[in-house]
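Welcome! Have a look at the model first, and then we can walk through it topic by topic.

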Amino acid sequence: MEFHGERNLWSFMDEERKSIKLPRRLSFGDGDQQQSSSEPENIRSASAARPDVAASEPTIPPWPMSPGTPWTLSPVRTSPSKSLLYHCIASLHRHEGNIFSITLSRDFIFTSSESSRIHVWKQPDCTEIGCIKATSGQIRAILASGKILFTAHGDCKIRIWNASNAENFRPKKITTLPQRGRFSLFSKKSSQQHNDRISCLAYNKEDKLLYTGSWDKTVKAWKINERRCVDSFVAHEGHINGIAINQEDGCVFTCSSDGSVKIWRRVFGESSHILTMTLKFQLSPVNALALSLSSTTTLLYSGSSDGLINFWEKEKMSGRYNHGGFLQGHHFAVLCLVALGELVFSGSEDATIRVWRREEGNCFHSCLSVIEGHHGPVRCLAVALETENLVRVKGLLVYSASLDQTFKVWRVKVFPAEKVHLVDETAAAKDPQREIVECETSPVLSPSWVEKKLQGNYFQ
């Protein structure tokens, strides 16, 4: 493993620049080659009641940019709608391959890609402070929990890192799972090792259990303190694409390309797990999971290849998950999901990010906005709460990576929902399906991704 030191990428994130239009620029490699583009990235705002339409505002001459930075700022535009405002504050394009995973800690942003590197950025100003270069293949999944970073590598092993020093980032590898045994010096693979790529990670903080899902159709549970695998079970009939944990009761949720979502529970006093429920409402592959916890309800979301987001609500008494409906709006497969409070963020193969909001006291959802700017499928998302004031205006930072090989940072402001009086409450009660306003989009896809799409290997 090799560590590469600090490098300042950009220092011009300023929320107050609401009237500045900057030209879009792309950078390749380390910023020594730059290419201008005439296609702007827009700031838009949207509400649940109208399509996401950009307003035409007069522009102001751009500010000069630092010549060495590979980051670019998008033009700023405003709209009279005030439910949600978003702004692409930075965009980075490199020839290092696709980014597979994004994870956040208190101080850092971590990204992993097919270049076998883990890039580390300081949060929230996005200064790159280093990277970890691995020699064990592509890094498909990463997960930060507190001061610990878990990384899944192309050799089907997991590395655990101490990433605690915020001032002088020097990651220290704690261990590799599975560990090489005394009598396996000449064996290439451990009996505890996955047989195919590790696609997803989840961590039970209370029990110190790391769960890994793999394309070999199995889930493994690793006891971090003991540095060993304590349980392994075949979870699905297809590739496992996502895994999530309810930190309150320890339930494990898995989703697969076989079209099912399953709920597992650890046997009390043991390490083994048993299947408690199978949720199979969709026929297409399920690509992502997200869990929303609040004092009043628990909701499980799943994103599938038919473009739908199904959700289930947990019964308080029985603990059973009942299907509550689906969110419709994406034109192609949903590839990633993030739930934060009453908000749900979804990234799709249609090159857009949608922001959904659940109404207080019920399971009705509305699409607040369609965030456009990527030119290929949005592969992974991460969201951090930046500010929240007394009038419940939320300031968020959204990090997204696409198969167009770009990594973008968005500043999002979500305003409180207005009280809406239903015209016909009786009809609404009879029909549990809430009408979702379709926001028309026409994404421009990158030629490289379209070529991969035609070859059928765009998710490989």
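Two residues are in contact here when they have heavy atoms within 4.5 Å. With that in hand, we can start with I158: leaving aside its neighbours within four places in sequence, I158 is in contact with T151, T175, T176, L177, I198, L210, T212 and W222. Please keep in mind that this is a predicted model.

**The chain as a whole**

- The chain contains two helices and 32 strands.
- Of its 460 residues, 54% are buried.
- Take the contacts between residues at least 6 apart in sequence: 53% of them join residues at least 24 apart.
- The accessible surface of the chain is about 21400 Å², and carbon and sulfur atoms account for 50% of that.

- I158 belongs to strand β12, which covers residues 158-162.
- Is I158 buried or exposed? Its relative accessible area is 0%, under the 20% cut-off, so I158 counts as buried.
- From I158 to L201 the C-alpha distance is 9.8 Å, while the two are 43 residues apart in sequence.
- V234 has its place in strand β17.
- V234 has a relative accessibility of 60%, and because exposed means over 50%, V234 counts as exposed.
- Setting aside neighbours within four places in sequence, V234 touches K217, T218 and W264.
- S214 is 20 residues from V234 along the chain, and their C-alpha atoms are separated by 9.9 Å.

**Nonpolar cores**

- Which residues have the most contacts inside the largest nonpolar core? They are F345, L381, W410 and V412, in a core of 19 residues.
- Strands that each supply at least two residues of this core include β5 (84-93), β26 (334-340), β30 (378-388) and β32 (406-414).
- Another core lies apart from it, with 17 residues, among them I89, I102, A384 and A401.

**Aromatic rings**

- How many aromatic pairs are there? The count comes to eight.
- One of them joins F233 and W264, a tilted pair with 4.7 Å from centre to centre and 45° between the planes.
- F233 is part of strand β17 (residues 228-234) and W264 is part of strand β20 (residues 261-266), so this pair ties together parts that are 31 residues apart in sequence.
- Both F233 and W264 are buried.
- Y399 and F407 have ring centres 6.4 Å apart and planes at 15°; the angle is under 30 degrees, so the pair is stacked.
- Both Y399 and F407 are buried.
- Ring pairs also bring W121 into a cluster with Y399 and F407.

**Charges over rings**

- R140 lies over the face of F100, 3.9 Å from the ring centre.
- R197 has its charged end over the ring of W215, at 4.4 Å from the centre.

**Cysteines**

- How many disulfides does a search of the whole structure find? The search finds zero.
- C88 is buried, with a relative accessible area of 1%.
- C251 is buried too, with a relative accessible area of 3%.

**Backbone features in the loops**

- Q123 and P124 are joined by a cis peptide bond, with omega near 10°.
- P124 sits in the loop between β8 (117-122) and β9 (127-133).
- The peptide bond between L177 and P178 is cis as well, with omega about -5°.
- P178 is found in the loop between β13 (172-177) and β14 (198-204).
- S116 is not a glycine, yet its phi is positive, at about 70°.
- The loop between β7 (108-113) and β8 holds S116, and S116 is buried at a relative accessible area of 13%.
- K208, another residue other than glycine, has a positive phi near 55°.
- K208 lies in the loop between β14 and β15 (209-214).
- With a relative accessible area of 34%, K208 is partly exposed.

Note on methods
Residues are numbered from 1 along each chain as its sequence is written. This is a predicted model: local features need pLDDT of at least 70, side-chain atom pairs count only at pLDDT 80 or more; totals for chains, interfaces and linings use all residues. Side-chain values use heavy atoms; hydrogens and water are left out. Rings of Phe, Tyr and Trp (its six-membered ring) pair if their centres lie within 6.5 Å; planes under 30 degrees apart count as stacked, over 60 as edge-to-face and the rest as tilted. Helices (H or I, at least four residues) and strands (E, at least two) are DSSP runs, numbered from the N terminus. Buried means under 20% relative accessible area, exposed over 50%, partly exposed in between (1.4 Å probe, protein chains only). A charge sits over a ring if NZ of Lys or CZ of Arg is within 6 Å of the ring centre and within 35 degrees of the ring normal. A disulfide is a pair of cysteine sulfur atoms within 2.5 Å. Accessible areas come from the Shrake-Rupley method with a 1.4 Å probe; for residues, only the protein chains shown count as cover. A nonpolar core is a set of buried Ala, Val, Leu, Ile, Met, Phe, Trp, Tyr and Cys residues joined through side-chain atoms within 4.5 Å.
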